[in-house]
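Good morning, colleagues. Please look at the model on the screen while I speak about its salt bridges.

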Amino acid sequence: MSFEDKLDMLVRRHDELGDSLAKGDVSGNEFSKLSKEYADLTPIVEVIREYMQAKKSLHELGQMAKDPACDSEMKKMAEDEIYEINSKMPDLTRKVQLSLLPKDIADDKNAILEIRAGTGGDEAALFAADLFNMYQRYAQKQGWKFEIISLSDGSAGGYKEAQAEISGKSVFARMKFESGVHRVQRVPATETQGRIHTSAATVAVLPEAEEVDIKIEDKDLRIDVFR
């Protein structure tokens, strides 16, 4: 299957889902399943349609530029538009390719955020607090729920450790790349001589674990009785 054929297939599938949902042909669990598939495909198809429209415009403008019946002014306009669209095509192609990458099954989950002060003493704790507050404001801006789980204060302010649960749409997909060591170079509030310090904090972003029903069979148990 060619690249273009795959794009056409996704657009057709999106249209089929839209028609089925609009007609009310499905209900119950099947409706929820198809609704989710439709919602997942919608942003992908929007990018594909933008790409396909650009390709169509290039073809039509190319025909116009070659048409001997067109005057020089129309040809010049067509050539200018072709140049403008061609300059956008690499970015459009990249957007389509990225949208087709397999989706991480954990992307739709909520996230557990954990920040720990690293090297840098009191300044590292202050930096950890700055990071924690930054993520909290970012979550509020995205319309996510930010619930503090625990805070461990530093001796001179800030946090030695901080954990929070962030819930909302596609939280883990947006936050997962924040994991790692974050470093800052600045004159800390604890510095009296104006020297620049380097401090670090570690950030961990984990997908929220799902509740699992555990069934233990009798044959898996060993019972010892003592008296």
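With which residue does Asp224 form a salt bridge? The partner is Arg222, and the closest N and O atoms of the pair are 3.2 Å apart. By salt bridge I mean a side-chain nitrogen of Lys or Arg within 4 Å of a carboxyl oxygen of Asp or Glu. Asp224 is partly exposed, at 43% relative accessible area, whereas Arg222 is exposed, at 73%. Here, buried stands for under 20% relative accessible area, exposed for over 50%, and partly exposed for what lies in between, with a 1.4 Å probe and protein chains only. Elsewhere, salt bridges with shared partners link Arg13, Glu16 and Glu37 in one network.

A word on the basis of these values. This is a predicted model, in which local features need pLDDT of at least 70 and side-chain atom pairs count only at pLDDT 80 or more, while totals for chains, interfaces and linings use all residues. Residues are numbered from 1 along each chain as its sequence is written, and side-chain values use heavy atoms, leaving out hydrogens and water.

In the whole structure, the search finds 13 salt bridges. One of them joins Asp80 to Lys76, with 3.0 Å between the closest N and O atoms. These two residues lie four apart in helix α3 (residues 72-99), so about one helical turn separates them. Helices are DSSP runs of H or I with at least four residues, numbered from the N terminus. Asp80 is partly exposed at 40%, and Lys76 is partly exposed at 45%.

Finally, Lys219 and Asp220 form a salt bridge at 3.6 Å, N to O. Lys219 is exposed at 69%, and Asp220 is exposed at 51%.
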